[in-house]
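Hello,

Here is the structure I promised to pass on to you. Have a look at it first, and then read my notes below.

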Amino acid sequence: QVQVVESGGGLVQPGGSLRLPCVVSGCPFEANDVAWYRQAPGNERPAAAKAPYDGPTTYADSAKGRFTISRDNTKSTAYLQMNALKPEDTAVYYCKSGTATPYWGQGTQVTVSS
């Protein structure tokens with residue numbers, strides 16, 4: 001059974017940083033794409049950053065220059081490093097793993113507020 005578990009969310013002041021880990025188990029992590037999505041209340045769930053297993057990383061325009069997605073295949077873990085956070089980054093952040101079949105985590109809340 002595939003499990004995707006995010007953590008690392010919390011309350012941070014504008015301009016601050018957070019790193020979100022995403023641990024994947026039950027599937028060959030190194031052979032699957034991984035991505036971070038985010039969803040604010042009442043909004044859709046667009047991708048913030050993607051790290052395909054066999055291609056370059058990509059970012060939403062709103063995340064470019066501030067967010068970095070990385071993956072450690074030895075730990076079956078993906079990370080989202082978020083710097084220079086803004087109030088509009090407030091959302092539930094979801095990790096998705098899988099190429100043919102997507103598997104979602106339960107999400108972690110990120111709140112950017114003073």
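**What I found**

Read along the sequence, the protein chain follows the pattern β-β-β-β-β-β-β-β-β-β-β. In other words, there are 11 strands and zero helices. Please keep in mind that this is a predicted model.

Let's begin with the overall form. How does the radius of gyration of the protein chain agree with that of a compact globule? A compact globule with 114 residues would have a radius near 13 Å, and the protein chain has 13 Å, so the two agree. Taken along the principal axes, the box filled by the C-alpha atoms is roughly 40 × 25 × 25 Å.

Of the 114 residues in the protein chain, 39% are buried. The accessible surface comes to about 5,900 Å², and carbon and sulfur atoms hold 49% of that. If you look at contacts with a separation of 6 or more, 53% of them are between residues 24 or more positions apart.

As for charge, the protein chain carries 10 positive and 9 negative side chains. The centres of these two sets lie 3 Å apart.

Now for two residues in loops. Most residues other than glycine have a negative phi. With that in mind, please find S76, which sits in the loop between β7 (67-72) and β8 (77-82). S76 is not a glycine, yet its phi is positive, at about 50°. A84 also has a positive phi of about 50° without being a glycine. You will find A84 in the loop between β8 and β9 (91-97). Its relative accessible area is 38%, so A84 counts as partly exposed.

Finally, have a look at Y103, which belongs to strand β10 (residues 103-104). A91 is 12 residues from Y103 along the chain, and the C-alpha atoms of the two are separated by 19 Å.

Enjoy exploring, and write back with any questions.

Best wishes

How values were computed
Residues numbered from 1 in each chain as written. Predicted model: local features only at pLDDT ≥ 70, side-chain atom pairs only at ≥ 80, totals over all residues. Heavy atoms only, no water. Helix = DSSP H or I, 4+ residues; strand = E, 2+ residues; numbered from the N terminus. Rg over C-alpha atoms; globule rule 2.2 N^0.38 Å. Buried < 20%, exposed > 50% of the residue type's maximum accessible area, 1.4 Å probe, protein only. Contact = heavy atoms within 4.5 Å. Areas by Shrake-Rupley, 256 points an atom, 1.4 Å probe, with all protein chains shown as cover. Lys, Arg positive; Asp, Glu negative; His and termini not counted. Charge placed at Lys NZ, Arg CZ, Asp CG, Glu CD.
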